[in-house]
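Reader: I'd like to go through this model with you and ask how you know what you say about it. Can we start with how the strands pair up?

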Amino acid sequence: MTAPFGARLDDVVVHFGKSHRVLQNGTMIRDDASTALDGASLTIRPGVITGVLGRNGAGKTTMLSLLAAFTRPTSGTVVVGPEGEQEDPWENPWITSGTQLVRESGDLMTDEKVSTSLKYYADMRPDWSAETAERLLDLFEVDVRKNPSALSRGKRSAIGATIGLATRAPLTIFDEVYLGMDAPTRYAFYDELLADYAEHPRTILLSSHLVEEVERLFEDVVVIDRGRVLLAESADEMRARGFSLTGSKDAVERIAGDRRVLHRQQLGATVQVTLEGALGDDELAVARGAGVEVGSVPVQDLFVRLTSPGSVLP
Ligand SMILES: Nc1ncnc2c1ncn2[C@@H]1O[C@H](COP(=O)(O)OP(=O)(O)OP(=O)(O)O)[C@@H](O)[C@H]1O
């Protein structure tokens, strides 16, 4: 099996929908209808599972499409590949043969039976595991004799998930592959992903809006916000960006000091605040003495607070 791929984006801009208009004086102006990525830079570590988070329209799919060479940057550079051998993926068969992007559609041949699409992947992908594909299709109860159009949305997503896992590509990208899957199927997919990754370590990128469900899967997190990389770090580093205090209003406010409040909730005389930063040992002791509970903040909450309008990262 090829070594896991890493990736790097440097100051990447992607504009879509270029159009031209001519002013009354004859000058031609080029409009960029939309900017999907606006100076995005980040490094994807090889051999880890990275969660890609962002609000609707943030630029996640665009970024993932760049890595899989489905899209080309307007400016900036994208490189993908094993450590020390990273190259531009565009029209680069060596890199693209090691990259599998799974989209919600599953990218199946619409006029053929599912089994025909699977045979195509089996022939194309050097590390294809027929045993894994068969087992997962059985688990997800997919009838491969049917055309994709005769299957439910959830079953088509399950086929996409199966292809992503059975391909065992050095870089596997799941772009919102869970859409349409019911909860038991999603959880079965998460378990299979972790088990297969443990046995065959590789680089996996997973974009999802179901942050609470998937945060246990990833080691690194990338948050894209309005076309820019808001943060790219380990999930533990992200969790360490905030903490919560729960207790009496006076004690909580005293310990909070002038830290930035990300969220505040009051239940009778008890206040719970989510704050940016961390507490020092002395402050922890003071909190304990004052009966104030110090807790961690789920990635989901941090994500919501950090991508709220007006939020600025320290
Ligand atoms: N082919 C395209 N033509 C024009 N604009 C596009 C195209 N693809 C993406 N965009 C625009 O680029 C921006 C980023 O889109 P993208 O699909 O990358 O976001 P996303 O984070 O994946 O969103 P979502 O979570 O809603 O799927 C959006 O404003 C979108 O409208």
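This is a predicted model: local features need pLDDT of at least 70, side-chain atom pairs count only at pLDDT 80 or more; totals for chains, interfaces and linings use all residues.

Reader: What makes β6 and β7 a pair of strands?

Author: Two strands pair if there are at least two bridges between them. Strand β6 (residues 171-175) and strand β7 (residues 203-207) have 5 bridges, in the parallel sense, so they count as paired.

Reader: Which sheet do they belong to?

Author: An open one of 6 strands, in the order β5-β6-β7-β3-β8-β9, and the pairing is mixed.

Reader: Why do β5 and β9 stand at the edges?

Author: β5 (99-102) and β9 (228-234) each have a single partner strand, so one side of each is left without a neighbour in the sheet. On average, neighbouring strands here are turned by 15° against each other, ignoring direction.

Reader: How do you know that helix α5 packs on the sheet?

Author: Contact needs C-beta atoms within 7 Å, and helix α5 (residues 153-167) touches β5 and β6. Its direction makes about 165° with that of β5.

Reader: Now the ligand. Which residues are around it?

Author: Among them are Phe 16, Ser 34, Asn 56, Lys 60, Thr 61 and Thr 62. β1 (6-22), β2 (28-44) and α1 (60-67) each give two or more residues to that shell, and α1 gives the most, with 3.

Reader: What makes the shell 8 polar, 3 nonpolar and 1 charged?

Author: Gly counts as polar and Lys as charged. The shell includes Gly 17, Gly 54, Gly 57 and Gly 59, so these glycines belong to the 8 polar residues, and Lys 60 is charged.

Technical notes: Residues are numbered from 1 along each chain as its sequence is written. Helices (H or I, at least four residues) and strands (E, at least two) are DSSP runs, numbered from the N terminus. Axes are lines fitted to C-alpha atoms, for helices over the stretch in contact, and angles run from 0 to 180 degrees between N-to-C directions. Two residues are in contact if their C-beta atoms, placed from the backbone, lie within 7 Å. A residue is near a molecule or strand if its C-beta atom, placed from the backbone, lies within 6 Å of it.
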